[in-house]
Structure formats: structure tokens, C-alpha cells
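Here is a quick tour for someone meeting this protein for the first time. Take a look at the model, then read on.

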Amino acid sequence: ENNRVGFSCSECPKDYSSVFGGYKCTKCKGPWFLFFIPLYASFGLLLIASLFLFNLTIVQGTINGISLYANIMYLYEDIILQYAGAPFYNIILFLNFGTTFQSCFYDGMNEYDKNWLRFFFPFYLLLIVVVIIIGAHKCNLRVFKVTFIAKRAVPVLATLMVLTYTNILGIVMDSLRRYTLHIYNRTTYQSYTVWLYQPSLAYFQGKHLALAVFSIIVTVFYLIPLPMVILFGDLLRKYIHNLWFGHFLDVFHGAYRWPFGFWLGVRLLVRVTLMVLNVSL
């Protein structure tokens with residue numbers, strides 16, 4: 001059905017490629033990346049512009065609720081796709097920054113390449129806002145001082161960090177999932193630990209080593225610190241006397257009444273726990 005072959009039906013046959021938005025292998029003729037790169041880049045700019053123009057930040061509270069609901073529903077994507085149908089599934093996928101249609105990027109793309117490319121979009125969004133913040137505070141450009149851009153840059157960055165958190169967490173977990181192959185014959189028994197989504201790659205060896213190390217770096221320097229900073233922000237204020245850091249914490253804590261500013265950190269940890277349980281069970 002998915003045109004897959006090999007160990008655990010995880011490989012694409014010759015002349016077929018992996019696609020975004022699904023597990024099927026399809027024939028991919030032509031450099032479709034020349035179409036999709038401008039499309040995703042334009043969508044990212046449009047999304048960020050909308051957050052700035054309409055002041056759609058986590059301080060408003062509404063986005064907090066929508067993102068939490070979408071993140072939790074995303075854990076049950078298989079059940080939603082089976083019982084609720086594709087339209088509702090695509091809405092949930094879209095709210096989690098996933099691809100809502102099966103798209104071929106280039107001929108010969110495999111699961112390893114696809115997982116690297118999945119990191120691109122969320123970090124692309126964060127990078128744009130970081131550049132805006134640097135431009136607003138470091139460059140002597142009058143336009144940043146007379147408009148709403150500088151005032152909303154940090155809230156928008158904090159909002160994107162919350163909105164993309166589960167998406168990045170899911171990519172990291174997919175990058176680190178392993179599978180043990182047991183091979184028996186009449187006289188010998190062998191077992192191999194491989195990467196779940198492309199068992200032709202040995203786990204934490206060869207090509208997979210780069211993907212695994214990068215995923216661990218993202219975990220150690222981003223996924224773990226973010227909820228911890230939100231949880232213990234009031235304690236950190238006593239030791240970190242930085243105006244930007246204080247403004248950053250105010251955004252995360254501003255959606256809740258004092259002294260419950262830490263609650264967003266708890267919600268992020270709940271998402272982590274649910275995703276780990278969903279993968280483990």
C-alpha cells in the first residue's frame with residue numbers, strides 16, 4: 001500500500017522517494033524543491049508577519065489553549081486519521097507545523113534526509129525573529145524605534161518557541177528511536193541495533209551518528225532548558241540581572257496570574273511526558 005520494501009517495510013524501492021506528510025514512497029520526477037523552498041519560506045514570513053500585525057502572542061492566552069489542545073491531539077494522529085478523517089487530521093497537523101499534504105521534495109529522498117529537512121522549518125522561523133531582535137536592538141535604524149516591531153519581537157519569539165516546541169521534540173524523538181533486529185538461522189543468531197525509520201542505518205554509527213548527535217545537542221541546549229527557565233524563572237531573576245532576560249520571562253509568565261507564571265513550564269513538561277509515554281507504550 002505504501003510502496004515500501006526492505007526491513008520492516010522502511011525502504012523505498014528504486015526510482016521511488018520518501019515524501020513529507022506521510023509514509024508512502026512515490027515516484028518523484030523533477031526538482032520539486034525549487035517550488036517548495038520558496039513556498040515554505042513565504043509561508044514562514046507570512047506567519048511571522050501575522051503574529052506581529054495582530055499581536056498573536058502567548059500573553060493573550062488564546063494561543064496557549066489552542067497550542068496545548070493541538071499538541072495533545074497530535075499524539076493520537078493515527079486514531080484521528082482512522083476515525084475522524086483526513087480533514088480534521090490535517091487541521092491538527094497544520095497547527096503543529098506539519099505538512100498537511102504529501103509532497104515530494106526531490107528524487108531519491110529517504111527517511112534520513114527527510115528527518116534532517118524537518119528541522120529546517122521551525123528553526124527557520126526562530127532565526128527570522130532572532131534576526132529581527134538583533135536588528136531592532138543593535139542597528140541604529142529609526143524604523144524599529146517608531147513602530148511596534150521592536151516592542152513585539154520578544155513576545156513573538158517566545159510564542160514561536162512554545163508553538164514549535166512539540167514539533168521539534170517530535171523530530172528529536174524520531175531521530176533517536178531505535179529498533180533491534182534479531183536474525184536467526186540454523187546455526188547462528190545475530191542482533192543489530194538500527195535506526196527505526198531506516199533500518200539500513202546502524203544506530204549511532206555512520207550517517208545516523210550526525211543526526212543523533214545534533215538531536216542530543218538540541219535536547220540539551222533547547223528542549224530541556226526552555227521549560228526549566230520558565231519553571232524557575234522567578235528564582236533566576238535573583239541571579240540574572242538582565243533587562244532582555246527579564247522581558248523574556250515576563251512574556252512567558254504574563255499569561256498567568258502571579259504566582260502561577262511557572263505554569264507554562266509545567267504544560268511543556270506535560271507534553272514531553274505524554275510524547276514519551278506515547279512512544280514507549
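Before the helices, a word on terms: axes are lines fitted to C-alpha atoms, for helices over the stretch in contact, and angles run from 0 to 180 degrees between N-to-C directions. Helices (H or I, at least four residues) and strands (E, at least two) are DSSP runs, numbered from the N terminus. What you see is a predicted model, where local features need pLDDT of at least 70, side-chain atom pairs count only at pLDDT 80 or more, and totals for chains, interfaces and linings use all residues. Residues are numbered from 1 along each chain as its sequence is written, and side-chain values use heavy atoms, with hydrogens and water left out.

**H5 and H6**

Start with helix H5 (residues 111–118) and helix H6 (residues 120–138): their axes come within 5 Å and cross at roughly 20°. That makes H5 roughly parallel to H6 (angles under 35 degrees count as roughly parallel, over 145 as roughly antiparallel, 65 to 115 as roughly perpendicular and the rest as oblique). On the H5 side, Trp116, Leu117 and Arg118 are in contact with Phe120, Phe121 and Pro122 of H6, contact meaning heavy atoms within 4.5 Å. Sorted by class, this meeting of H5 with H6 has 5 nonpolar, no polar and 1 charged residues. Here Ala, Val, Leu, Ile, Met, Phe, Trp, Tyr, Cys and Pro count as nonpolar, Asp, Glu, Lys and Arg as charged, and the others, Gly among them, as polar.

**Salt bridges**

How many salt bridges does the structure hold? There are 4 salt bridges, each being a side-chain nitrogen of Lys or Arg within 4 Å of a carboxyl oxygen of Asp or Glu. Three of them are listed here.

| Pair | N to O distance |
|---|---|
| Lysine 114 and glutamate 111 | 3.3 Å |
| Arginine 118 and aspartate 174 | 3.0 Å |
| Aspartate 250 and arginine 237 | 2.9 Å |

Lysine 114 and glutamate 111 both sit in helix H5, 3 residues apart, about one turn of the helix. Both lysine 114 and glutamate 111 are buried (buried means under 20% relative accessible area, exposed over 50%, partly exposed in between, with a 1.4 Å probe and protein chains only).

Arginine 118 is in helix H5 and aspartate 174 in helix H8 (residues 149–176), so the pair ties together parts that are 56 residues apart in sequence. Arginine 118 is partly exposed at 23% relative accessible area, while aspartate 174 is buried at 17%.

Then there's aspartate 250, with its salt bridge to arginine 237. Aspartate 250 belongs to helix H12 (residues 243–253) and arginine 237 to the loop between helix H11 (233–236) and H12, 13 residues apart. Aspartate 250 is partly exposed at 41% relative accessibility, and arginine 237 is partly exposed at 27%. Salt bridges with shared partners join Asp234, Arg237 and Asp250 into one network.

**H8 and H12**

H8 also packs against H12, at an angle of about 55° with the axes 9 Å apart. The two helices are therefore oblique to each other. The contact is made by residues including Val154, Leu157 and Met161 of H8 and Trp244, Phe248 and Val251 of H12. By class, the residues of the contact of H8 with H12 divide into 10 nonpolar, 1 polar and 1 charged.

**Serine 175**

Last stop: serine 175, in helix H8. Buried or exposed, where does serine 175 fall? Serine 175 is buried, with a relative accessible area of 0%. Leaving out residues up to four places away in sequence, serine 175 touches Asn115, Phe119, Trp195, His208, Leu211 and Ser215.
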